[in-house]
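Me: I would like to learn how to read the features of a model like this one. Please take them one at a time.

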Amino acid sequence: MKTKLFAIALLLPICLTACGQNIKKSESPKPAEASSQVISKPDNPYYSNTDTAKLNVSDAEWKKVLPPDVYEVSRNADTERPFTGKYWNTDEKGTYYCAACGNKLFRSTAKFSSSCGWPSFYEQDNKSSTLYKSDNSIGMERIEVLCARCGGHLGHIFDDGPEPTGKRYCMNSIVLDFVPDSK
């Protein structure tokens, strides 16, 4: 029990502050390259990289079609541990989609190294791809970022990102799918 409390005491400040910054200057965004790849999730009938229609799916149905770890973050606003997600430290060119519904969210040209342990972006691909909600959980005032298509939790947005927006979309890798640009 003492070991668990000690581990929580050490990790809690990291999770709560979510970020010292080490911003690399990024090049000017380039036009999006066409991606010839699409993601297929046959067990999830709501997943589409092209459909933008808003979904109205019950929580019970999401629980049936999403992997448990994706469900916990997307539907219950859980957070993956910092520095553990597959996209926090990648710089491959491509497009990021919602892992629950396939909604197009971010281009890699807007991704930057924030050193916070989660993938960070300074702007979304389309102004209507995300929604925002006040989040006062864990004793902090934050803005939660939700997928505009399925309403799934993606992460939070902060005002400490690089130009041109000054924003940092701090996202959970587990709720992102990535399609690399065609070469």
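Reply: Start with pairing: two strands pair if DSSP finds at least two bridges between them. The model is predicted, and in it strand β6 (residues 142–147) and β7 pair in the antiparallel sense over 4 bridges. Between the strands of this hairpin lie 5 residues.

Me: Which residue in the hairpin of β6 and β7 takes a positive phi?

Reply: Gly-151, with phi near 80°.

Me: What is the strand order in the open sheet?

Reply: The order is β3-β4-β8-β7-β6-β5, 6 strands with antiparallel pairing. β3 and β5 each have a single partner strand and stand at the edges, so one side of each lacks a neighbour in the sheet.

Me: How many bridges link β7 and β8?

Reply: There are 4, in the antiparallel sense, with β8 covering residues 168–171. In that pair Ile-157 stands opposite Tyr-169. β8 also pairs with β4, again antiparallel, over 2 bridges. There Phe-121 stands opposite Tyr-169. Tyr-169 of β8 therefore has Ile-157 opposite and Phe-121 opposite, by DSSP pairing.

Me: Is strand β7 buried or exposed?

Reply: The cut-off for buried is under 20% relative accessible area. In β7 (residues 153–158), 6 of the 6 residues are buried, so the strand is largely enclosed by the rest of the structure. For the chain, buried residues make up 43% of the 183 residues.

Me: Which residues other than glycine have a positive phi, and where are they?

Reply: Two cases can be given. Ser-115 has phi near 60° and sits in the loop between β3 (111–112) and β4 (120–121). Ile-138 has phi near 45° and is in the loop between β5 (130–135) and β6.

Me: How is the accessibility of Ser-115 and Ile-138 classed?

Reply: Exposed means over 50% relative accessible area, and partly exposed lies between that and the buried cut-off. Ser-115, at 34%, counts as partly exposed. Ile-138, at 52%, counts as exposed.

Me: Where is a cis peptide bond found?

Reply: Look at omega. The bond joining Glu-163 and Pro-164 is cis, with omega about 15°. Pro-164 belongs to the loop between β7 and β8.

Me: What does the chain look like in terms of helices and strands?

Reply: The chain has 3 helices and 9 strands. Along the sequence the pattern is α-α-α-β-β-β-β-β-β-β-β-β. Of the contacts between residues at least 6 apart in sequence, 60% join residues at least 24 apart.

Me: What is the average pLDDT, and where is the pLDDT below 50?

Reply: The chain averages 83, and 80% of the residues score at least 70. Over residues 1–34 the pLDDT is below 50, and this stretch has 37 contacts in the model beyond near neighbours in sequence. Where pLDDT is low, the predicted coordinates should not be read in detail.

Definitions and conventions:
Residues numbered from 1 in each chain as written. Predicted model: local features only at pLDDT ≥ 70, side-chain atom pairs only at ≥ 80, totals over all residues. Heavy atoms only, no water. pLDDT = per-residue confidence, 0-100. Contact = heavy atoms within 4.5 Å. Buried < 20%, exposed > 50% of the residue type's maximum accessible area, 1.4 Å probe, protein only.
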